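The sequence and structure come first.

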Amino acid sequence: MKKIEAIIREERLAAVKAALEESSYFGMTVSEVSGRGKQKGIPVQWRVGEYRVDLLPKIKLELVVLDEDAPLVVEAIVRTARTGETGDGKIFVLPVEGVTRVRTGDRNENAI
Ligand SMILES: Nc1ncnc2c1ncn2[C@@H]1O[C@H](COP(=O)(O)OP(=O)(O)OP(=O)(O)O)[C@@H](O)[C@H]1O
Ligand SMILES: [Mg+2]
């Protein structure tokens, strides 16, 4: 199993969620996060001069899927989250040791 951790733009969440649902991926965790990439935020012009907002609001989407589904899920997120501008986000893929469904005690592949 793999955990897909995707940092995306807030305004792309609905489209990404719809694409994942279309492919029958329903379970996910969504959080509001703040972060920065290699541009270290964005410069902002104000009356008193320029300053930098270095942590920007983003959405973190976490999904645990079967190993063989990971590339498909990554592809669906890239397709729907991408605008082509800097700040489109990043996707991390991590190995998962185990999953347990609390209600039933189901383990691993039977629990996701
Ligand atoms: N190396 C990283 N580790 C952890 N989180 C990251 C990393 N890079 C980016 N992020 C997260 O992803 C968000 C979006 O990053 P962003 O898309 O700006 O990456 P980038 O590498 O600067 O690419 P781009 O040049 O397209 O902007 C950041 O706000 C941060 O939350
Ligand atoms: Mg960036």
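## Ligand site and strand pairing

A polar side-chain atom of Gln39 is 2.9 Å from an oxygen atom of ligand 1, a polar contact being a pair of N or O atoms within 3.5 Å; within protein, one must be able to donate a hydrogen and the other to accept it, and residues adjacent in sequence count only if both atoms are side-chain atoms. On its own, ligand 1 has 610 Å² of accessible area, of which the protein covers 70%; accessible areas come from the Shrake-Rupley method with a 1.4 Å probe, and for residues only the protein chains shown count as cover.

This is a predicted model, in which local features need pLDDT of at least 70 and side-chain atom pairs count only at pLDDT 80 or more, while totals for chains, interfaces and linings use all residues. Residues are numbered from 1 along each chain as its sequence is written, chains are lettered from A and ligands numbered from 1 in the order in which they are written, and side-chain values use heavy atoms, with hydrogens and water left out.

| Residue | Protein atom | Distance to an oxygen atom of ligand 1 |
|---|---|---|
| Arg36 | backbone N or O | 3.0 Å |
| Lys38 | polar backbone atom | 2.8 Å |

The shell around ligand 1 holds 13 residues, the closest being Gly35, Lys38, Gly87, Gly89 and Lys90; a residue is near a molecule if one of its heavy atoms lies within 4 Å of it. By class, two of the shell residues are nonpolar, six polar and five charged. Here Ala, Val, Leu, Ile, Met, Phe, Trp, Tyr, Cys and Pro count as nonpolar, Asp, Glu, Lys and Arg as charged, and the others, Gly among them, as polar. Strand 6 (residues 89–95) gives the most to this shell, with three residues; strands (E, at least two residues) and helices (H or I, at least four) are DSSP runs, numbered from the N terminus.

Strand 6 also pairs with strand 1 in the antiparallel sense over seven bridges, where pairing requires at least two DSSP bridges between two strands. In strand 6, Gly89 stands opposite Ile8. Strand 1 (residues 2–8) is also joined by seven bridges to strand 5 (residues 56–65), again antiparallel, and Ile7 has Lys60 as its bridge partner there.

Strand 3 (residues 42–46) and strand 4 (residues 49–53) run antiparallel, joined by five bridges. They form a hairpin with two residues between them, and Trp46 is bridged to Gly49.

Most residues other than glycine have a negative phi. Ser24, not a glycine, has a positive phi of about 70° and lies in the loop between helix 1 (13–22) and strand 2 (29–35). Asn108 has a positive phi of about 50° and is found in the segment after strand 6.
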